[in-house]
Amino acid sequence: MERKTKVHAEDGKQEILITREFDLPLKMLFKAYQEPEIVEQWMGTKVVKLENKNHGSYHFVTTDPAGNEHVFHGTVHEFLPDQKIIRTFEMENTPFPVQLEFLEFEKLSETTSKLNMQIIYRSVADRDEMLKLPFAQGINMAHNRLEEILTDLK
Amino acid sequence: MNLRRDVFQAIADPTRRTILLLVAAQSMTAGAIAANFETSRPTVSKHLQILTECELLEQQQDGRKIYYHLNPQKFKEIADFIEPFRKFWDDRFNKLESVMKNYSSENDQ
């Protein structure tokens, strides 16, 4: 299957570009970012606040499988329906500084659309850490699984 | 994780990227590589040392000469390294797509 989601992280730059083509009309793609109850469904998070307007803000709380709560928040800098969202994103209680996100929504055809996401980090090192996060979590999960198996064997 | 960071630092340097491109075309000796740069031979040697320590380059002895060549396995690791990040977003967007398809069909009825 073709990879619909592409990640471009150029060496030495403090940004990541993520692009994705959707088998959805532009209006439906944008709606997924606009409606709090839909955001909750696909992001698997609790939306405490989502003010989709210029100078608005948002606040999400996600509970991981271990029961730990993770809090995310940010400010909506610009909100232009069916076109773009410019916002900040920060994970509370982590060493990661706030990041700036530019989301551009594009119509490809009547039934398909595209999202261009540019994320800018405070430094190249911060970007590299974020890039490694799912990799590191994957390793941790593998370690935890291994520990569980070993504990069960005892 | 430090070793991995070194790999990324290694490929972040423009001279080292040029060295990798040169060696990708054919195995070369340190002298032949240095001939492509205006920087001093010890500087190029230092770059070669870093690339070898990160296992991006491998040395092969041929008589009295040492040839440098690429380590394809290491490059594969770097490519795979971004994959979990891409997968994270791909899963998330797949979910978005399926949620919105359900939403469309429910609202059409």
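In the predicted model, 21 residues of chain A are in contact with 21 residues of chain B. On the side of chain A that touches chain B, at least two residues are supplied by each of β1 (5–8), β2 (15–22), α1 (26–34), α2 (36–43) and α3 (124–153) of chain A. The largest share, six residues, comes from α3(A). Classified by residue type, this side of chain A comprises 13 nonpolar, four polar and four charged residues.

Within chain A, eight strands are arranged as an open sheet with antiparallel pairing, in the order β1-β2-β8-β7-β6-β5-β4-β3. Strands β1 and β3 (46–50) of chain A form the edges, each pairing on one side only. From one strand to the next, the twist averages 20°. Strand β7 (residues 99–107) of chain A is joined to strand β8 (residues 113–120) of chain A by eight bridges in the antiparallel sense; A:E106 has A:K114 in β8(A) as its bridge partner. Helix α1(A) lies across β2, β6 (84–91), β7 and β8 of chain A and runs at about 155° to β7(A).

In chain B, the axes of helix α2 (residues 14–25) and helix α4 (residues 41–53) come within 10 Å and cross at roughly 70°. Because crossing angles of 65 to 115 degrees count as roughly perpendicular, α2(B) is roughly perpendicular to α4(B). The contact is formed by B:T15, B:R16 and B:I19 of α2(B), which meet B:H47, B:L48, B:I50 and B:L51 of α4(B). The residues of this contact comprise four nonpolar, two polar and one charged.

Definitions and conventions: Residues are numbered from 1 along each chain as its sequence is written. Chains are lettered from A and ligands numbered from 1 in the order in which they are written. This is a predicted model: local features need pLDDT of at least 70, side-chain atom pairs count only at pLDDT 80 or more; totals for chains, interfaces and linings use all residues. Axes are lines fitted to C-alpha atoms, for helices over the stretch in contact, and angles run from 0 to 180 degrees between N-to-C directions. Helices (H or I, at least four residues) and strands (E, at least two) are DSSP runs, numbered from the N terminus. Angles under 35 degrees count as roughly parallel, over 145 as roughly antiparallel, 65 to 115 as roughly perpendicular and the rest as oblique. Two residues are in contact if their C-beta atoms, placed from the backbone, lie within 7 Å. Ala, Val, Leu, Ile, Met, Phe, Trp, Tyr, Cys and Pro count as nonpolar, Asp, Glu, Lys and Arg as charged, and the others, Gly among them, as polar. Two strands pair if DSSP finds at least two bridges between them.
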